[in-house]
Amino acid sequence: MPTPSALPPLPSTPSAALASARRRLGSIVRTPPKVTWRAVARQWFWSAVIAPFGGVRVEGEFEADVPYVVVANHGSHADTIAMMSASPTLMRVVTVAAQDYWFTRPARRAIARGLLGAYPVRRDGEGAYEELRGMLAHRVAESMSVLIFPEGTRSQDGQIARFHSGAARLARDFGIPVLPVALVGSREMMPKKGGLPRYSPVEVRVGRPIPPSDDVAAVSDQARDQIVEMLRRPRRPAPVSDIHTLVSQAMEGRRGDAIMFAWGLAEAVSFPVMAEMSQVWLGLSQPEHLWRRGALVAAGSVTGVALTHLLTRAGHRPPAPWTTPSMEAAAGRYLAAGPRGYWRQALTGIPVKVFAAQSGRRRLPLPGVLAHAASVRAARMGALTGIVVALNRPLGPITRQHYGLYLASTGAVFGVALRGVVKHWDRAR
């Protein structure tokens, strides 16, 4: 078989050119498709990279039985990442990247070569197409598909520019179909000159394969028309995890209000998880109610302080798991000067139930206890709720999509922090 650089020139007549391309395909595509560890590793890597920003959803089917020249609209650096994540590893898609951008600096070249498996292409100049065809011939010979963005550069306004003919010419010369793909949401995730990535689930919409033809202009127009048509479809709603849906349903209406009040009350009596975590884990499922729910948690906490204070003053001490004698001793010292000692609770990590028990044991006046406890609890809950509200603006969609992971990770952080607080007060004895 001749090498790619030694491929004979195409005959001048259209029918002869197509027949020659078909004959060449019989010798070029000679090995069955196979999955390599590099293809699997790249797909896993880019799927993990794009997942926190909304991930990728595929509409349609990638048929992996033959190689394609895959063409897609281009509005973002996230386009290639989305395609690498979405296409089956069996296709083993290789990409081409602008030589004057991706291969002029070592860092970009490392990304293009190692992480994208890209081949450099000159955007213009004599012999640029022949050079590209020669580089890709062996890849197509291994039944690998080629990803090309025929607009040549990223769109700044989302409009689809004219398609260059290079992709259709490759399809003609290799005798393989053109597969149009529309990328929706990638430009919003990482727009040109747009700074850091943003949350925007990407939809990869797979079109109908277009047979190769000598009329490369017609093939390019058909591919562009398909992509434009696919882009007109409305986007699907942002994905929401089933766990988020269940939590949100459980927190509906008065039931959710009662849960938040009960959490605050229970934590001030015996429950070992701080009241503020109710906002982090449950309140965030309905962010429009965060401030009202925060007020209810604070009200429940003050009610629990009163209950613990009265019970302890009467000689009944509710159980206080995950507390230490040194915490009780410190709370007693802070309350020696009266109910204003509750303000020391805000930053010490000592649970409010310990302060409530100590104020009851010292028989401090209940009105003063409630006044200072209410002020402290409102201040802490207000500060935490403000942080949750602020973080929900950029991170809310990610949290809703990955709510199970969010609960697990914040739970782990809380567990580590709680363990640190308990150890600190153990050492303080």
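**Reading rings, helices and loops**

Colleague: Let's start with Q358. Where is Q358 found?

Modeller: Q358 is found in helix α16. Helices here are DSSP runs of H or I with at least four residues, strands are runs of E with at least two, and both are numbered from the N terminus. Keep in mind that this is a predicted model, where local features need pLDDT of at least 70 and side-chain atom pairs count only at 80 or more, while totals for chains, interfaces and linings use all residues. Residues are numbered from 1 along each chain as its sequence is written, and side-chain values use heavy atoms, with hydrogens and water left out.

Colleague: And how do I read accessibility? Is Q358 buried or exposed?

Modeller: The general idea is a set of cut-offs: buried means under 20% relative accessible area, exposed over 50%, and partly exposed in between, using a 1.4 Å probe and protein chains only. Q358 has 7% relative accessibility, so it counts as buried.

Colleague: Which residues does Q358 touch?

Modeller: Contact means heavy atoms within 4.5 Å. Leaving out residues up to four places away in sequence, Q358 touches E328, A331, G332 and L335.

Colleague: Now the aromatics. How many aromatic pairs are there?

Modeller: First the rule: rings of Phe, Tyr and Trp (its six-membered ring) pair if their centres lie within 6.5 Å; planes under 30 degrees apart count as stacked, over 60 as edge-to-face, and the rest as tilted. That gives seven aromatic pairs. One of them, Y334 with F355, is stacked, with 6.2 Å centre to centre and 15° between the planes. This pair links distant parts of the chain: Y334 belongs to helix α14 (residues 325–334) and F355 to helix α16 (residues 352–361), 21 residues apart.

Colleague: Why do Y334 and F355 count as buried?

Modeller: Y334 counts as buried because its relative accessibility is 18%; F355 does because its relative accessible area is 0%. F355 also pairs with Y342: the ring centres are 5.8 Å apart and the planes sit at 45°, so this pair is tilted. Here, too, distant parts of the chain are linked, with Y342 in the loop between α14 and α15 (345–348) and F355 in helix α16, 13 residues apart. Y342 is buried as well, at 1% relative accessible area.

Colleague: Which residues do ring pairs link into a cluster?

Modeller: W263, F271, W281 and F414.

Colleague: Next, helix packing. At what angle do α7 and α9 pack?

Modeller: Two packed helices are described by the angle between their axes and the distance between the axes. The axes are lines fitted to C-alpha atoms, for helices over the stretch in contact, and angles run from 0 to 180 degrees between N-to-C directions. Here α7 (residues 166–174) and α9 (residues 216–231) pack at about 120°, with their axes 8 Å apart. So α7 is oblique to α9; angles under 35 degrees count as roughly parallel, over 145 as roughly antiparallel, 65 to 115 as roughly perpendicular, and the rest as oblique.

Colleague: Which residues meet there?

Modeller: A168, R169 and R172 in α7 meet V216, V219 and S220 in α9. α7 is mostly covered, with seven of its nine residues buried; among them are L170, D173 and F174.

Colleague: Last topic: backbone phi. What is the phi of R363?

Modeller: Most residues other than glycine have a negative phi, and most peptide bonds are trans. R363 has a positive phi, near 55°, though it isn't glycine. R363 sits in the loop between α16 and α17 and is exposed, at 56% relative accessible area. W322 is another non-glycine residue with a positive phi, near 60°, and it lies in the loop between α13 (290–313) and α14. After α7 comes G175, also with positive phi, near 70°.

Colleague: What about L364: buried or exposed?

Modeller: L364 lies in the loop between α16 and α17 (366–401), and with 11% relative accessibility it counts as buried. Beyond residues up to four places away in sequence, its contacts include H309, R313, L335 and V369. L364 and H309 are 55 residues apart in sequence, yet 8.9 Å apart in space, C-alpha to C-alpha.
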